[in-house]
Amino acid sequence: MVVQVEPTLVDAELQRRLVYGDESALGEVYAAYGGLVRRVAVRVTRSPAAAEDVAQEVFAQLWSRPYAFDARRGSLRSWLSMLAHRRAVDWVRGEARHRKDARADDTALHAIPDAAPGPDETVVDRERALLLHSALAQLPGPQREVIHLAYFAGRTYRQAALELGIPEGTAKTRLRSALRKLAESLADPPDPALEKGA
């Protein structure tokens, strides 16, 4: 005569072994219920990859908190199924939130106005560029070289001095003088009406 052991006793024994850190007990639980947990998760998530993630979370929780299962309240099979279902529902909700946030981000991106300059800004930018080009052309050659290296080639005044073979102090002085002359050239001309006191 074969003696059958009541499932709750087996579950209670597995739980006791898990509480004591017996890895082989986790292996036995996984072998017995891994397929069930994945099936429950697939039914909810409709994604085999998500079901694998859910199964990992379920068995990780069992391993880290085996005392959360109570054999007196039901079977380990039922508890794992319930846990898999909850985790799968959480996954589905998280995905829905993620999709909603992504749609909101897309909507927000479409609401941002185009950063391209309008025709008026383009004309003004072109006029400024011509004025600057004209003012640069009026500078003495040595000052123009330092400005070009510092502002158009991205060099420091020290690097410009090294490149031009001049002392750093000279490069700095030329740069200051050039900037002063450019500021004067580009300043708005005085309004004749204001000068007459009108």
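E13 is partly exposed, with a relative accessibility of 34% (buried means under 20% relative accessible area, exposed over 50%, and partly exposed in between, using a 1.4 Å probe and protein chains only). The structure is a predicted model, in which local features need pLDDT of at least 70 and side-chain atom pairs count only at pLDDT 80 or more, while totals for chains, interfaces and linings use all residues. Residues are numbered from 1 along each chain as its sequence is written, and side-chain values use heavy atoms, with hydrogens and water left out.

The partner of E13 is R16, and the two side chains form a salt bridge with an N to O distance of 2.6 Å. Here a salt bridge is a side-chain nitrogen of Lys or Arg within 4 Å of a carboxyl oxygen of Asp or Glu. Both residues belong to helix α1 (residues 7–19), where a spacing of three residues separates them by about one helical turn. Helices are DSSP runs of H or I with at least four residues, numbered from the N terminus. R16 is likewise partly exposed, its relative accessible area being 41%.

Counted by this rule, the model holds eight salt bridges. Another of them links R17 to D22, with the closest N and O atoms 2.9 Å apart. R17 is buried at 17% relative accessible area, whereas D22 is partly exposed at 26%. A further bridge joins E52 and R38, at 3.4 Å from N to O. Because E52 lies in helix α3 (residues 48–64) and R38 in helix α2 (residues 23–45), this pair ties together parts that are 14 residues apart in sequence.

Turning to helix packing, the axes of helix α6 (residues 141–152) and helix α8 (residues 168–186) come within 9 Å and cross at roughly 95 degrees. Axes are lines fitted to C-alpha atoms, for helices over the stretch in contact, and angles run from 0 to 180 degrees between N-to-C directions. The two helices, α6 and α8, are therefore roughly perpendicular, a label that covers 65 to 115 degrees. On the α6 side, the contact (heavy atoms within 4.5 Å) involves P142, Q143, V146, I147, A150 and Y151, which meet residues of α8 including A171, R174, L175 and L182. The residues of this contact comprise ten nonpolar, two polar and two charged.

Technical notes
Angles under 35 degrees count as roughly parallel, over 145 as roughly antiparallel, 65 to 115 as roughly perpendicular and the rest as oblique. Ala, Val, Leu, Ile, Met, Phe, Trp, Tyr, Cys and Pro count as nonpolar, Asp, Glu, Lys and Arg as charged, and the others, Gly among them, as polar.
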